[in-house]
Amino acid sequence: MRRVLVLLLAVLAACAGEDDAAHVPESGPIVAPAGFAQVRLPSIAPSVVTPPAADPKLPGFDGWPLVFDARFHDVDGRTCAVTLSRDGEPVRTLEPASSLDACVATWDGRDASGGWLAPGPVDVRAQVLDASGAELAAADARVEVVRLGIERIQLSGEGRTGLLYRAVGGVREGYYEMAADRFPWRLSADVGETAGASALELADGTPRELPPPWDDLTTPPMDSGSPTGIEVDTYNLPTAFVAGSLVDVTATLSADVAGVPGGGEPMETDVRIVPPDGTEAPGDTAFTDGGMVTVRSGSSPVPAVGRYDWTLTWTFEARRPGGDWVAVPGSLETVHRLYGLVAAPIFDYTAVPHRAWVDVVDAVATWVDGATADPDEVAAALVSGVYYDLGLRYDRERGASFYTSYPTGWTGARFDLSAFQLRANGSTINCSDAGSILSTYANMVGIDFRYHILQHEWASGFDLNYIQAIGWEGFTETPFFSGRGAFRYHAVVGPPDGRIFDATLALDGDGTPTALPATLLLVQGLSETDYLRGLSSEWMNVEATVDEKVRVR
């Protein structure tokens with residue numbers, strides 16, 4: 001058409017006089033004379049916003065936008081078409097949406113039969129068509145199907161401590177230690193799965209579901225096919241950290257597909273991990289099969305004593321080498337159960353079961369509920385929790401111990417915590433049991449509680465002021481049905497500074513403990529003198545002996 005216009009103008013110039021010919025410009029835009037339509041051809045080109053790589057099996061994937069910049073010039077009947085091919089063979093024809101300046105097709109990652117397209121490069125061709133279907137313009141792009149996953153996650157930091165399950169598979173005293181250096185999160189094929197299954201996929205290519213936090217507080221997940229009977233393939237176990245700790249998260253990456261380990265690794269594109277919100281990456285975040293990426297929390301995900309479900313959303317970006325990074329559709333969301341402790345568990349013994357028990361830590365976390373990490377405040381919450389929430393009752397028959405024994409006098413107290421957690425001997429306790437419960441729970445979350453024995457200096461017992469025993473209503477000077485209003489001995493606990501914590505009973509806190517009415521006062525860090533004055537009119541003759549930690553059995 002341009003050639004026709006040039007010839008036409010030349011003829012017109014030749015037919016004019018010399019004066020007229022002098023006004024024809026030697027160069028410049030060619031303008032069609034009146035009566036001739038100006039033709040504007042369409043154009044199309046790949047857009048930089050198209051993700052050069054994507055994983056259609058990635059959770060949250062909602063379609064792969066294949067975008068082309070286009071100019072249709074608002075001519076009726078012009079449309080666009082997008083076709084996919086691999087190695088010259090057709091894969092899929094898409095029905096894109098078009099506007100005056102774009103042609104956009106959304107691909108679900110499947111072929112014409114509806115099956116997943118295997119990882120690898122894909123050629124994309126976009127065409128502008130006229131009303132008859134004839135091609136007016138075309139553009140080609142190349143994208144890559146990849147597989148992006150995580151098969152292990154390690155949580156680490158100076159404040160991490162181990163946890164102990166007390167009843168593997170429901171077996172009493174079947175202890176299982178979740179050591180502080182073990183991966184708490186893992187995704188893998190089960191030992192009994194069909195051949196071809198991978199860390200990320202079942203044998204038929206179905207994406208494997210990510211494991212949620214394990215909720216059983218007494219046993220890890222079990223697997224009859226495992227040599228130990230304990231699940232070792234796919235699991236998500238809790239971890240414990242000292243409150244305020246920063247946490248390093250190290251993800252081991254996988255591009256496994258069914259039957260082809262590493263078969264979905266990017267080959268023609270670069271892919272990197274975007275650190276989850278609230279974290280930052282101190283090093284490289286390139287995605288490679290079997291590679292490891294570490295991110296660090298910007299603030300502590302366990303700011304206090306409590307139970308926290310920490311959600312990490314892992315997203316990805318891709319680019320052609322040297323190009324701009326573009327967000328990859330979809331994301332991986334991993335949820336991690338974290339417990340905040342006051343400090344590392346503190347015992348006088350090193351052997352199992354002297355660890356932080358999962359069910360004990362969970363109980364303490366529930367009582368404190370993220371309110372504080374102060375040891376005195378947490379200890380006060382422990383007293384309240386034991387006194388009110390465990391359903392325990394003081395033995396008003398004999399004041400006998402049901403879970404604590406003293407094999408050598410008052411020293412060397414042994415606490416059958418496993419039996420207590422099961423309430424194997426019922427919910428009736430005495431002061432030794434209450435002291436064992438309170439001190440052991442405290443030791444497990446990092447509070448240094450020791451037990452003490454209170455006795456009269458020279459008599460066989462000491463009388464009592466008005467008290468309210470655990471599990472009973474009302475204040476009395478005689479907590480026993482017999483009417484006896486004295487303790488032969490009394491067990492209490494406390495930190496090395498001499499303060500007293502006691503979950504066996506509440507004192508009358510109105511200033512006149514020898515008479516009613518009474519005002520309930522929990523024993524949460526009283527000085528020894530204040531406590532003894534509230535407990536007995538013979539307080540000056542009562543002394544504390546023994547300063548030991550309870551031994552757990």
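This is a predicted model: local features need pLDDT of at least 70, side-chain atom pairs count only at pLDDT 80 or more; totals for chains, interfaces and linings use all residues.
A residue is called buried when its relative accessible area is under 20%, exposed when that area is over 50%, and partly exposed in between (1.4 Å probe, protein chains only). Residues are numbered from 1 along each chain as its sequence is written, and side-chain values use heavy atoms, with hydrogens and water left out.

Backbone geometry is considered before the side chains. Most residues other than glycine have a negative phi, and most peptide bonds are trans. Aspartate 87 has a positive phi, near 55°. Aspartate 87 is placed in the loop between strand S4 (79-86) and strand S5 (89-94); helices (H or I, at least four residues) and strands (E, at least two) are DSSP runs, numbered from the N terminus. With a relative accessibility of 73%, aspartate 87 is exposed. Glutamate 173 also has a positive phi, near 60°, and belongs to the loop between strand S12 (163-165) and strand S13 (176-178). Its relative accessible area is 39%, so glutamate 173 is classed as partly exposed.

Two cis peptide bonds may be described next. One runs from valine 352 to proline 353, with omega near 20°, and proline 353 lies in the loop between strand S23 (332-341) and strand S24 (356-357). The other joins leucine 516 to proline 517, with omega about 0°. Proline 517 is located in the loop between strand S34 (500-508) and strand S35 (520-526).

Helix H3 (residues 358-368) is largely enclosed by the rest of the structure, because ten of its eleven residues are buried. Among these buried residues are Val358, Asp359, Asp362 and Trp367. Just after H3, aspartate 369 adopts a positive phi of about 55°.

A search of the whole structure for disulfides (pairs of cysteine sulfur atoms within 2.5 Å) finds one. This disulfide connects cysteine 80 with cysteine 103, at an S to S distance of 2.2 Å. The torsion about the S-S bond of cysteine 80 and cysteine 103 is about 90°, and the disulfide is therefore right-handed. Distant parts of the chain are linked by this pair, since cysteine 80 belongs to strand S4 and cysteine 103 to strand S7 (residues 102-107), 23 residues apart. Cysteine 80 and cysteine 103 are both buried. Cysteine 431 is likewise buried, at 3% relative accessibility.

The aromatic side chains were then examined. Rings of Phe, Tyr and Trp (its six-membered ring) form a pair if their centres lie within 6.5 Å; planes under 30 degrees apart count as stacked, over 60 as edge-to-face, and the rest as tilted. The structure contains 16 aromatic pairs. In the pair of tyrosine 406 and tryptophan 410, the ring centres are 5.1 Å apart and the planes stand at 80°, so the arrangement is edge-to-face. Tryptophan 410 is partly exposed, with a relative accessibility of 22%. Tryptophan 472 and phenylalanine 481 are also paired edge-to-face, with 5.7 Å from centre to centre and 85° between the planes. Tryptophan 472 has a relative accessible area of 19% and is buried. One aromatic cluster is formed by Tyr394, Phe462, Phe480 and Phe487.

Serine 300 lies in the loop between strand S20 (292-297) and strand S21 (306-319), and its relative accessible area of 18% classes serine 300 as buried. Apart from its neighbours within four places in sequence, serine 300 is in contact (heavy atoms within 4.5 Å) with Gly244, Ser245 and Leu246.
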